[in-house]
Amino acid sequence: MVQTSGDGAVATSDRPPVAVDDEVLAAERRRWTPVRVAIWVAIALLGGLAWVMLALVRGETVNAVWFVFAAVCTYLIAYRFYSTYIERRVVRPDDRRATPAEYKENGQDYLPMDRRVLYGHHFAAIAGAGPLVGPVLAAQMGYLPGTLWIIVGVILAGAVQDYLVLFFSMRRGGRSLGQMARDELGRVGGTAALLATLTIMIIIVAILALVVVNALGESPWGVFSVAMTIPIALFMGMYLRYWRPGKVSEVSLIGFVLLMAAIVAGGWVAETSWGATLFTLDRTTIAWAIIIYGFVAAVLPVWLLLAPRDYLSTFMKIGTIILLAVAIVIVRPEIAVPAFSEFAGRSDGPVVPGPLFPFLFVTIACGALSGFHALISSGTTPKLVEKERQTRFIGYGGMLMESFVAIMALVAALSIDRGIYFAMNSSAAVTGGTIETAAAFVNSLGLTGVNLTPEMLAQTATNVGEESVVSRTGGAPTLAVGLAMIMQQLIGGSGLMAFWYHFAIMFEALFILTAVDAGTRVARFMLQDSLGNFLPRFRDTSWRAGAWLCTAIMVGGWGAILIMGVTDPLGGINTLFPLFGIANQLLAAIALAVCLAIAARRGNVGALWVIILPLAFATVVTVTASLYKIFSPVPGVGYWAQHAAYRNALERGETSFGNAKNVDAMEAVVRNTFIQGTLSIVFLVLTLIVLITAVLATLRSVRAGGRENTEDPEVPSRIYAPAGLIATPAERELEGQWQRAGLTTSRGAH
Amino acid sequence: MLVRWCRGLVWWVQGVLGEDAYIRYLDHHRRAGHPGPPMTEREFWRARSDRQETDLRGRCC
């Protein structure tokens, strides 16, 4: 909504009301007309039926469409009932108050944005490769544990976190999570939160990069088409800078066409002998290329590479997700994976080791509960919110959409043959890397209904245009195979399967590379800001040497972990991915702890359980997972147990041990487990400090019956817009008053 | 009806990508009553990308 009255002197009393009366809203909420009752009963019944089909009926297969119904119906019910409970009891928004977008409006970063556009904007910022990868790996345990956690987790934890952080940051002029932690938890808690955030960002960037490396290793087609995104982005950057500034959707469309051409051309190039020699790169080389790229991209001007690729990635993200949803509903694949697999009750799964509790909950982070979102929900989005009550739609609703993406990724991964799934996702250390040894390994797992032949693996590789699909770990290739299987049934048939596979790889790589340079830049600013406390010159972001130095430190940090993961004899991603999930969930625990301290200040003790529930769960999960990783005596699970086992073997003078075939590999394991174990300890200690300070701050507030808040001073609002996607009758009526008064322009009238 | 939907979709996609930023800036400029003429379209986009250098929109995993 845009105000068109140019006159700043109009008193509020000259305008229609800026909010629908609370009483009217409550009456609307309680008005249960027969039609409304019928709709909600239908949603509840359909959702209930879907859950029965998923959880109780044990047929040979289950249709993918039940996943969609179970998810969507549960989201609708949670959004309608639980999120309004949180709104009334904890958040208590007030549309009579101006948002920072209104009272700090500067035409640039502070500017009221239409709620529907901001929803898309916010969603594009929070959703990336994370929700596409975790669910794929968790499919090892069967479909039900992952499905339950993604859906229940989002409504009780993930969406709650995103909503609260967004609202609290908005009340504080768009302050960042770090600043809020400092305000609420004091110096010690604030510093611990900052350090934890910085290390967590390093590990997250490293592991995302590792996913790309694993997808592109020995894949000339993939390397060529992903490499082409760089010249395409550079071209788009120049186009926007010099030829047609501001023509964003035009250039995105051109970029998209070029991207499709690059995927098609990749198939041809990979078949030529020069193309195959030039673009068949081993994983270590690709890792180094990404590290060099990461540094260059982070110091180049934003307009040249980052901004155009961001447009392209937003464009692809929204398009592909809609396409995938449509495809799943039309194709309705049958899923033969059992509800609980053989590995649900064991801790020796070849994809991610460790027992279901807690490792399911750290393997699927994004999609259920992602701490990283707290960095977006504070800072960027709150500066654009038009009216306070819209935060429920944008914060809670935005996260529901990400959860839905995770469900679709899970469905895509589940739709491929289980034997192929395990051959793709088990590390080369156990599959041996060839189709014969991989098939033998998978068959030796004793999975019911699985009988994998080398021919099946060879055929899959041929279908997707790859040399081999064995041990393509990291989740992205599996998702790509699943997506290709589903999409080819909708468009193109098996002839287009290779295209769809590389399309999926490309769009995951695009998200991840955008996250890599944006993450590096954000981390660099955080580091510069922190160093600025001791050496004020670092605060000056235009100081080249400082910027380069901090970028180099950050790239060095994630680059080292990336190289470690790529060269790890135990199969990098399988040992590192839990660390990614733990890091992300610990950040969520930090964000929820800050929310708890803030909500307690406001004094409504009776409703604090809404925050305590997910906080306690995230804490128990991450602390347990960290303790497993630190103290478990099982070498496959505990980093230090693994460390000790290999060190002892070296001391005994052995020249091969476990999956390490020579002394160098054994030394690498000793080194890697030391770093992984140390990181686990660092995360745990920092988070416990944050939690303890938050609990103390909360208790102080509870004892005092609430304390003075840390919000920005209240400014009366002078604009109006409805809260949710669809305006209620009362909201429509008020919107009409504003339109008749000539104070708003309707949508699309720009 | 269909035309309205398509127009709505185009409006939404352009909004999400940020294409309407200049129009929104002009609108803000007029309402806020800033002295002096607003930036031209070219100046605006240049200033916007220069600002992104230090004020970065986050991207998540």
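Figure 1. A:I77 is partly exposed, with a relative accessible area of 30%; here buried means under 20% relative accessible area, exposed over 50% and partly exposed in between, with a 1.4 Å probe and protein chains only. This is a predicted model, in which local features need pLDDT of at least 70, side-chain atom pairs count only at pLDDT 80 or more, and totals for chains, interfaces and linings use all residues. Residues are numbered from 1 along each chain as its sequence is written, chains are lettered from A and ligands numbered from 1 in the order in which they are written, and side-chain values use heavy atoms, with hydrogens and water left out. A:I77 sits in helix α3 of chain A; helices (H or I, at least four residues) are DSSP runs, as are strands (E, at least two), numbered from the N terminus. Together with A:W32, A:V37, A:V41, A:L45 and A:F81, A:I77 makes up a nonpolar surface patch of about 510 Å² accessible area. Such patches take residues with over 30% relative accessible area and no salt bridge, joining nonpolar side chains (Val, Leu, Ile, Met, Phe, Trp, Tyr) within 5 Å and like charges within 9 Å; the areas come from the Shrake-Rupley method with a 1.4 Å probe, and for residues only the protein chains shown count as cover. Helix α2 of chain A gives the largest share of the patch, three residues.

**Figure 2. The largest nonpolar core, viewed around A:Y396.** This core has 245 residues, and A:Y396 is among those with the most contacts inside it, along with A:Y75, A:I86, A:W558 and A:L562. Its largest share, 24 residues, comes from helix α8 (residues 177-216) of chain A. A core of this kind is a set of buried Ala, Val, Leu, Ile, Met, Phe, Trp, Tyr and Cys residues joined through side-chain atoms within 4.5 Å. Beyond its neighbours within four places in sequence, A:Y396 has contacts (heavy atoms within 4.5 Å) that include A:Y79, A:I86, A:I155 and A:Y163.

Figure 3. A:A409 belongs to helix α16 (residues 391-414) of chain A and is buried, at a relative accessible area of 0%. Setting aside neighbours within four places in sequence, its contacts are A:P131, A:L132, A:V136 and A:L479.

Figure 4. The side chains of A:E388 and A:R171 form a salt bridge at 2.7 Å, N to O; the rule asks for a side-chain nitrogen of Lys or Arg within 4 Å of a carboxyl oxygen of Asp or Glu. The two partners are 217 residues apart, with A:R171 in helix α7 and A:E388 in the loop between α15 and α16. Both A:E388 and A:R171 are buried. A:R309 and A:D517 also pair, at 3.0 Å, N to O. A:R309 lies in helix α13 and A:D517 in helix α22, so this bridge ties together parts 208 residues apart in sequence.

**Figure 5. Where chain A meets chain B.** The contact draws 66 residues from chain A and 33 residues from chain B. About 4,500 Å² is buried between them, 57% of it from carbon and sulfur atoms; buried area is the accessible area (1.4 Å probe) that two parts lose on being put together, summed over both. Three salt bridges cross this interface, and B:E41 is joined to A:K247 by a salt bridge at 4.0 Å, N to O. Chain B itself has three helices and zero strands, and 41% of its 61 residues count as buried.
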